Each structure stands twice: as C-alpha cells, then as structure tokens.
Amino acid sequence: MEKREPGGGGQMFRIDAPGFSAAELFWAGGDGKVLPGWTSFACEPLRDGRACLVFPDSLAVPEGASAVLCRAVSGDGRTAEQVLDFPTEAALDFPAEMAADFPAEERTAAGGGYCFTVASDLHISNKPAPFSRLYECAVGSDGLLLAGDTVNDGTGSQFAFMRNCVTESWKKFGIFLPIFTVCGNHDVPLKPLPDINAAGEGGYPVFQKWLERRAESVGYDWDQHDSGAYAVKVGADLEVIGLQCVSHFRRFVFRDGTQLEWLEKHLDENDHLKWHIILCHAPLLNHNPQRMPGKDAAYLSRDEKLQSILDAHHNMIFISGHTHFSLNNRPGCVEWEASRQNLYLNAGSIRKTTMKAGKASVPQTWTEGNAVRLRIAESEVEVEAFGLYTGNRQARGYYRFHTA
C-alpha cells in the first residue's frame with residue numbers, strides 16, 4: 001500500500017495486493033494496531049489486486065491515529081495486513097475538554113463546552129430496548145436531541161409507552177437527562193385522529209408538553225410558541241429550538257408559516273447567543289443526503305424560506321432525520337458552511353441504516369443503527385457517529401470543524 005499525498009483529509013491511497021479481491025483500511029496507532037472501537041474508513045473491491053481511493057477531505061482523523069492498517073482479503077478467505085506510517089500532524093489539535101469519552105460523570109456547560117447525544121427515527125412501538133440503550137449512551141451529556149419519528153404509528157398508547165421508557169431509564173441511572181424532540185411523520189397517525197383518545201392518552205402534542213414540564217421541573221426555561229415551535233436555553237450561550245413540520249396525513253407543512261415567522265424574530269432577538277441548535281425532522285433540500293443532480297423537490301413546503309432564515313445567521317446547527325441514511329455514506333450526511341459556521345447534520349436512524357446505491361463492499365458495521373455525539377468546544381465542533389449496539393465509532397462519520 002502506498003500513500004500518495006501527505007496530510008489529513010483529501011489524501012490518496014494506492015493499494016497493490018496481487019491475488020486479493022478486497023481491502024479494508026483502518027486508522028491505527030503507533031503500535032500498528034487498529035484504534036480500539038473504530039470501524040474502517042474504507043472498504044474497496046480490488047481489480048487485479050489493485051485499487052486507488054481518496055480519503056474525503058471533509059472527514060477528520062481521530063486522535064491517536066499515526067498509521068493506516070490495510071487488511072486485504074482474498075476470495076478463499078486468506079487475509080494479509082500491512083501498516084503504513086501516517087504523519088502525526090494529520091491529527092489536528094484536539095481540545096482537552098473534548099477528548100474524554102462519555103457517558104462518565106455528569107457533564108455541565110461550566111467547562112466552556114457542550115456534549116449532546118443526537119438520534120433520530122427511533123420508531124418505538126412496544127419494545128423498550130432501543131430507547132434504553134440510547135438513554136444509557138446519553139447519560140452524562142448535556143441533553144438527548146431527538147429529530148423525530150420517536151414512535152412508529154403516532155398513537156397515544158405508543159407515546160404513553162415512551163413516557164414510561166423515559167421514567168424507567170431516569171430511575172435506573174438516577175441522573176436527570178434533558179430530552180428535546182420534534183414531531184416526525186410517524187409521530188402522527190396515518191389517518192387523522194383526535195389528539196386525546198378515549199383512554200385519555202395523548203399523541204405527540206401531549207408528549208411534548210410532558211417533556212416541557214419535565215424540563216421546567218429542574219429549572220429549564222422553556223419558551224413554547226402557539227405554533228408548536230419552542231426554544232430552550234441549555235447554557236449561557238446555547239439554545240435548542242424545535243420546529244414542528246408535520247401536519248395531518250404526514251405531510252411536511254409549516255401550515256400558515258407562523259412557525260417560520262416566529263423563528264426569524266426569535267433568532268434576531270437572541271443573536272447574542274453563540275450557538276442555536278435547530279431540530280427539524282425533514283432535511284432541507286440543499287443539505288439532503290438523498291438529493292441528486294437536477295432534483296429540485298424539497299420535503300418541506302417552505303424549504304426556501306427556512307433556508308434563507310438560516311443563511312442570515314451564523315453558528316446554526318440544523319439537525320434532521322427521516323432519511324435513515326448511514327453516516328458512513330461517502331458523500332456524507334454532515335455539511336459545514338465555513339463562512340457562516342453553520343452545520344447541517346442528518347442523523348440517520350437508530351434502526352438499521354441504508355447506504356447510497358452503487359457501493360460494492362459494505363461492512364455490516366457501516367449500516368448498524370447509529371447515534372451521534374455532538375461536542376461543541378470554544379474553538380471546535382466535533383461530530384462522532386457511533387453504532388448504538390456495538391458502541392463502535394464510525395470512522396466515516398467522524399468530523400471536526402474549527403470555529404472562530
């Protein structure tokens with residue numbers, strides 16, 4: 001294996017392994033061993049034992065990576081490994097407050113940074129295990145951010161089940177975990193039903209109200225707007241905003257536009273905050289990992305208006321779901337606008353995720369249901385996707401962006 005260009009992202013690798021049919025690349029440490037807990041960052045079929053690939057320049061190199069290990073596999077199951085030294089300067093400066101794993105001790109924003117767990121498309125119906133595992137991964141962070149489709153059928157009984165899941169996990173770990181969510185298309189019934197059914201169990205609006213009261217019980221100031229949108233200050237310089245973009249029949253409609261009017265006014269009035277995290281189930285057209293050249297159909301009915309509002313501000317973190325796309329997709333589900341320092345993150349799903357068509361070799365670890373650790377430090381934002389069940393960090397879903 002030969003590395004053609006030095007440095008971090010954007011480098012080219014050339015693999016020459018006669019007699020082998022595929023090769024997988026991993027980040028390795030100085031001992032030549034794969035970094036513990038990290039998935040591969042490339043898996044390529046070999047033609048006549050050869051391949052040439054480029055490590056995307058948008059992805060980041062993990063701390064501790066000083067080499068690349070190439071594992072070649074033949075059609076009859078033979079394997080061979082080779083380690084290539086990797087310049088240590090390729091790993092950018094890594095703020096100490098972001099280096100520690102979590103969950104650990106309870107984190108606060110007092111250290112000058114934030115750490116959130118992000119997930120989407122839970123599709124919970126009657127089994128608590130997926131949410132319990134997610135809650136366990138999020139314990140000790142500054143909050144659990146859910147980008148919609150929390151339940152599968154939008155029924156009152158499913159949201160009652162979710163409330164019980166939250167309560168039981170809270171009791172189990174004994175640490176309050178703020179939870180912020182928005183309505184997804186599966187969070188409303190396929191056919192319109194009353195908000196409250198005969199058993200007195202509420203749908204999504206009642207579930208959100210319950211989360212609001214839960215947060216207020218420990219001192220959070222929840223600003224709830226009549227349109228369904230809300231804003232909550234999580235720290236001195238950061239807020240979480242929820243946008244409700246789903247109407248009856250599971251359409252992505254901001255109805256009469258009052259939510260976006262509220263959002264525009266709210267952002268103008270809170271421009272002094274450094275960071276604004278916006279939850280919205282459907283991705284914007286310009287940042288949709290499913291978009292194709294020439295495709296101009298947006299999910300959201302007021303896509304251009306919402307995009308223009310975000311473009312008028314800086315330090316926006318827009319989190320969406322719905323696509324169920326793995327963050328391991330080479331085109332990426334994370335986009336960074338350096339001029340505005342705006343981040344767009346499509347969180348995929350905690351269920352089995354999908355890849356872009358045309359990928360010949362896909363390790364199972366790339367399609368495992370995932371969640372994201374979002375770390376915000378004084379001078380850097382880090383996005384780290386991880387498998388919800390194995391806990392493996394996904395090398396192709398790892399990003400670091402420097403901020404001013």
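Guide: Gladly, and a convention for angles comes first: those under 35 degrees count as roughly parallel, over 145 as roughly antiparallel, 65 to 115 as roughly perpendicular and the rest as oblique. This is a predicted model, in which local features need pLDDT of at least 70 and side-chain atom pairs count only at pLDDT 80 or more, while totals for chains, interfaces and linings use all residues. Residues are numbered from 1 along each chain as its sequence is written, and side-chain values use heavy atoms, with hydrogens and water left out.

Visitor: Are α4 and α5 roughly parallel or roughly antiparallel to each other?
Guide: Helices (DSSP runs of H or I, at least four residues) and strands (E, at least two) are numbered from the N terminus. Axes are lines fitted to C-alpha atoms, for helices over the stretch in contact, with angles from 0 to 180 degrees between N-to-C directions. Helix α4 (residues 258-269) packs against helix α5 (residues 303-311) at about 5°, with the axes 10 Å apart. The two helices, α4 and α5, are therefore roughly parallel.

Visitor: How many residues of the contact of α4 with α5 are charged?
Guide: Contact here means heavy atoms within 4.5 Å. Leu260, Leu263, Glu264 and Leu267 of α4 meet Lys305, Leu306 and Ile309 of α5. These residues comprise 5 nonpolar, no polar and 2 charged, where Ala, Val, Leu, Ile, Met, Phe, Trp, Tyr, Cys and Pro count as nonpolar, Asp, Glu, Lys and Arg as charged, and the others, Gly among them, as polar. For charged residues, then, the count is 2.

Visitor: In which sense does α1 pass α2, right-handed or left-handed?
Guide: The axes of α1 (residues 129-138) and α2 (residues 156-173) come within 10 Å and cross at roughly 40°, and the pair is therefore oblique. A crossing is left-handed if the near helix is turned anticlockwise from the far one by less than a right angle, and right-handed if clockwise. The way α1 passes α2 is right-handed.

Visitor: Which residues of α2 do Phe131, Ser132, Tyr135 and Glu136 meet?
Guide: Those four belong to α1. Their partners in α2 are Met162, Cys165, Val166, Ser169, Trp170 and Phe173.

Visitor: Which residue of β6 does glutamate 24 stand opposite?
Guide: Strand β3 (residues 22-28) pairs with strand β6 (residues 67-73) in the antiparallel sense over 7 bridges. The residue of β6 opposite glutamate 24 is arginine 71.

Visitor: Is arginine 71 buried or partly exposed?
Guide: Arginine 71 sits in strand β6 and, leaving aside neighbours within four places in sequence, is in contact with Ala22, Ala23, Glu24, Phe26, Val34, Ala80 and Glu81. Buried means under 20% relative accessible area, exposed over 50% and partly exposed in between (1.4 Å probe, protein chains only). With 27% relative accessibility, arginine 71 is partly exposed.

Visitor: How far apart in space are glycine 29 and alanine 67, C-alpha to C-alpha?
Guide: Glycine 29 lies in the loop between β3 and β4 and is buried, at a relative accessible area of 8%. Residues up to four places away aside, glycine 29 touches Leu35, Gly64, Ser66 and Ala67. Glycine 29 and alanine 67 are 38 residues apart in sequence, yet in space their C-alpha atoms are separated by 5.8 Å.

Visitor: Which strands stand at the edges of the open sheet of 7 strands?
Guide: Its order is β11-β12-β13-β16-β17-β19-β18, with mixed pairing. With a single partner strand each, and so one side left without a neighbour in the sheet, the edge strands are β11 (222-224) and β18 (334-337).

Visitor: Which residue in the turn of the β18 and β19 hairpin has a positive phi?
Guide: β18 and β19 (residues 342-346) pair in the antiparallel sense over 4 bridges, with tryptophan 336 opposite leucine 343 and glutamate 335 bridged to tyrosine 344. The hairpin has 4 residues between its strands. The turn residue with a positive phi, about 55°, is glutamine 341.

Definitions and conventions
Pairing = 2+ DSSP bridges.
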